Structures are given as structure tokens and as C-alpha cells.
Amino acid sequence: TRSSDLARLSYFARMSASKPIVVFVLGNPGVGKGTQCGLIVEKYGFVHLSAGDLLRTERKRKSEHGELIESYMREGKIVPVEITIKLIENAMKATGSGGKFLVDGFPRNADNLAGWEREMRDKADVRALLYIEAPDDVCWERVQKRSREANRVDDSRETFLKR
């Protein structure tokens with residue numbers, strides 16, 4: 001139930017750790033991951049890191065990986081795990097907080113999870129996975145609205161169906 005999930009999250013939020021605490025937040029595009037993360041940030045003091053936002057920011061910076069990220073996102077493909085993990089790790093460090101992180105939209109597949117284990121096992125402590133569900137038609141409506149408002153290349157119907 002929702003209250004028991006929140007109680008567990010509250011427990012994780014209070015625990016101290018030698019490594020940062022990570023909760024993965026997953027669900028379809030438009031399901032409300034960002035909205036729910038915002039509520040958790042307010043109530044429990046987590047830092048919200050959206051893998052998609054980190055990738056979009058890196059793409060706009062025209063970095064060495066920018067064009068690669070652009071092509072992968074436009075085609076609805078998963079960006080190479082090493083790139084995504086490095087962006088998440090750098091964002092965690094940049095917060096200056098050794099604390100608690102909601103990592104939204106990652107891992108997206110078994111390769112992502114294996115890459116996280118390989119690169120981050122000794123650097124962060126994954127405590128939970130929060131999976132959010134909503135009907136596909138509701139998610140698609142939200143994605144269309146977001147696409148109009150934010151002009152995101154990764155919010156096409158084709159990309160939505162792949163993710």
C-alpha cells in the first residue's frame with residue numbers, strides 16, 4: 001500500500017550510511033516519476049536526479065558525448081550505460097550532499113543495472129526501487145502535453161512506444 005511504501009521510504013531517509021543512499025524510481029514516460037519525486041524531496045529530504053534531464057542537459061552542452069546522446073534519444077535508444085552512470089555520479093558529487101538520492105529513469109534494462117553494479121557498487125548504496133504505474137493512455141496524454149510545453153525530441157509516439 002501507499003502508506004507502507006512511504007513508511008519504508010521514511011525509514012531509509014533516516015538511516016545514516018557511509019555511502020550515499022539511492023532509490024531508483026522507474027515507470028513509463030509520463031507516469032509521474034518527476035511529480036512523485038518532488039513530493040518525496042519535500043517530505044523526506046532526498047535529492048532528485050532525473051537521468052533523462054541529465055542526458056538532455058549534456059546534449060545541449062555540446063560535450064564530447066552530446067551528438068551521440070542526441071542520436072540515441074531521438075531514436076528512442078538507450079544511451080550507453082557508461083555515459084549515463086558518469087552523469088549521475090557527477091551530479092551526485094555536485095550536490096555536495098553525501099545524502100539520499102532519487103534516481104529517476106534509471107536503470108532502464110539489465111545492462112544498465114549491471115553497469116551500475118560494476119561502476120557504483122562501492123560508491124552508493126541502493127536501498128529500494130520505486131515503480132510507478134498508470135494506464136498507457138494517461139501516460140501518452142501527459143507525454144503529448146509535456147512535448148508541446150518543453151519541445152522534447154524524446155517525446156514522440158515512436159519513442160514512447162519503445163520506452
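1. A residue is termed buried under 20% relative accessible area, exposed over 50% and partly exposed in between, with a 1.4 Å probe and protein chains only. By this criterion phenylalanine 106 is buried, with a relative accessible area of 1%. Tryptophan 116 is likewise buried, its relative accessible area being 1%.

2. The model is predicted: local features need pLDDT of at least 70, side-chain atom pairs count only at pLDDT 80 or more, and totals for chains, interfaces and linings use all residues. Residues are numbered from 1 along each chain as its sequence is written, and side-chain values use heavy atoms, with hydrogens and water left out.

3. Three aromatic pairs are present in the structure. Rings of Phe, Tyr and Trp (its six-membered ring) pair if their centres lie within 6.5 Å; planes under 30 degrees apart count as stacked, over 60 as edge-to-face and the rest as tilted. For phenylalanine 24 and phenylalanine 106 the centres are 6.2 Å apart and the planes at 65°, so this pair is edge-to-face. Because phenylalanine 24 belongs to strand β1 (residues 21-26) and phenylalanine 106 to the loop between β3 (100-104) and α6 (110-120), the pair ties together parts 82 residues apart in sequence. Helices (H or I, at least four residues) and strands (E, at least two) are DSSP runs, numbered from the N terminus.

4. Phenylalanine 106 also forms a tilted aromatic pair with tryptophan 116, at 5.9 Å centre to centre and 55° between the planes. Here the loop between β3 and α6 is linked to helix α6, the two residues being 10 residues apart.

5. The peptide bond joining phenylalanine 106 and proline 107 is cis, with omega about 0°. Proline 107 is located in the loop between β3 and α6.

6. A nonpolar core is a set of buried Ala, Val, Leu, Ile, Met, Phe, Trp, Tyr and Cys residues joined through side-chain atoms within 4.5 Å. The largest such core has 22 residues, and those with the most contacts inside it are Val22, Ile69, Ile88, Met92, Val103, Phe106 and Trp116. Two or more residues each come from β1, α3 (51-60), α4 (66-74), α5 (81-94), β3 and α6. Helix α5 gives the largest share, seven residues. Another core, of 12 residues, lies apart from it and includes Val25, Tyr44, Phe46 and Ile132.

7. Lysine 100 lies over the face of phenylalanine 46, 5.8 Å from the ring centre. The criterion requires NZ of Lys or CZ of Arg within 6 Å of the ring centre and within 35 degrees of the ring normal.
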